[in-house]
Amino acid sequence: MAVKIEKKIKGYSVLTPEDLAQESAPAVKADSVLLEDLVAVTPKADVIQMHERIERPEVLIGSTYKVKSPLVEHAMYVTINDIVLNAGTEHEMRRPFEVFINSKSMEHFQWIVALTRIMSAVFRKGGDVTFIVDEMKAVFDPKGGYYKSGGVYMPSLVAELGSIVEDHLKTIGMLHDPEMSEHQLALIAEKRRAYEEHTVKKNPELISKPAATSEERPEDIAVTGDGTSFPPSATMCHKCHTKAIVIMDGCATCLNCGYSKCG
């Protein structure tokens with residue numbers, strides 16, 4: 001039987017056996033549908049990402065860091081508060097929300113308030129906020145920087161604040177330390193061992209003194225950080241910005257990151 005088409009054809013589709021079976025299937029009452037079937041077909045809620053329209057909760061999780069810089073008379077206390085998004089789900093994440101800096105020193109009050117407001121605004125904007133770390137650590141003080149505990153060079157007070165933000169972002173999982181390969185770790189350990197042996201050869205009398213004081217013994221070589229140090233004669237490494245460069249076999253070598261001027 002021929003069918004006359006009186007309208008313009010705008011599109012078509014092939015009727016599959018599955019479509020025929022679905023049309024012939026009996027209707028199912030709403031009260032007979034299982035809950036599992038509804039969950040399977042119901043679209044899941046979108047994952048909440050950080051954006052500026054998120055209102056501040058009554059309670060935030062925070063961490064406070066102490067900064068003792070020779071550039072200011074009194075210590076500074078940096079508080080970074082975080083907001084927890086998608087709490088209780090597999091998509092739970094912790095993101096920085098606001099920053100506060102407090103100190104008895106009032107000489108820097110104006111720019112500190114401006115800096116904290118700008119940083120807080122960047123955090124609330126969402127997206128990739130880790131760029132702020134590199135921007136702050138690249139600020140240099142025209143009067144010169146200083147060395148913090150562990151021999152790490154800080155070009156300015158703003159750079160140290162950036163370093164604190166970096167440590168905080170690593171704590172909440174937004175940043176990660178670049179992992180050294182086994183070859184790099186073995187190389188650094190070998191350089192430290194060689195330097196210690198060289199120091200002992202130059203000062204054999206220290207070995208024969210079992211009761212030598214800490215001032216008489218060669219200085220311990222340790223990984224950089226609070227409470228650790230490198231030889232007093234060490235100079236700053238331009239690669240890791242740590243005062244850990246020593247001369248070994250006529251070549252400048254870093255005992256912290258393994259950099260060698262001779263390759």
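Student: Before we start, when do two strands count as paired here?

Tutor: Two strands pair if DSSP finds at least two bridges between them. Keep in mind that this is a predicted model.

Student: What holds paired strands together in general?

Tutor: Strands of a sheet pair through backbone hydrogen bonds, and the pairing can be parallel or antiparallel.

Student: And what is the strand order in the sheet?

Tutor: The order is β1-β2-β3, in an open sheet of three strands with antiparallel pairing. β1 (61–67) and β3 (93–103) each have a single partner strand, so one side of each has no neighbour in the sheet. From one strand to the next, the twist averages 20 degrees.

Student: Which strands does α3 touch?

Tutor: Helix α3 packs on the sheet and touches β2 and β3. The direction of α3 makes about 175 degrees with that of β3. Helix α5 packs on the sheet too, touching β1, β2 and β3. For α5, the angle with the direction of β1 is about 145 degrees.

Student: Switching to the helices: at what angle do α3 and α5 pack?

Tutor: Helix α3 (residues 109–125) and helix α5 (residues 157–171) pack at about 30 degrees, and their axes are 13 Å apart. Their crossing is right-handed.

Student: Which residues make that contact?

Tutor: From α3 you have Trp111, Leu115, Met119 and Phe123. From α5 come Leu157, Val158, Leu161 and Val165.

Student: New topic! Which residues have the most contacts inside the largest nonpolar core?

Tutor: Those are Val78, Ile132 and Val165, in a core of 27 residues. β2, β3, α3, α4 (131–137) and α5 are the elements that give two or more residues to this core. Helix α5 supplies the largest share, six residues.

Student: What does Ile132 touch?

Tutor: Leaving aside residues up to four places away in sequence, Ile132 touches Met119, Val122, Phe123 and Val165.

Student: And which residues are in the second core?

Tutor: That separate core has 12 residues, including Ala234, Val246, Ala252 and Cys254.

Notes: Residues numbered from 1 in each chain as written. Predicted model: local features only at pLDDT ≥ 70, side-chain atom pairs only at ≥ 80, totals over all residues. Heavy atoms only, no water. Axes fitted to C-alpha atoms, helices over the stretch in contact; angles between N-to-C directions. Helix = DSSP H or I, 4+ residues; strand = E, 2+ residues; numbered from the N terminus. Left-handed = near helix turned anticlockwise from the far one by under 90°. Contact = heavy atoms within 4.5 Å. Core = buried A, V, L, I, M, F, W, Y, C linked by side-chain atoms within 4.5 Å. Buried < 20%, exposed > 50% of the residue type's maximum accessible area, 1.4 Å probe, protein only.
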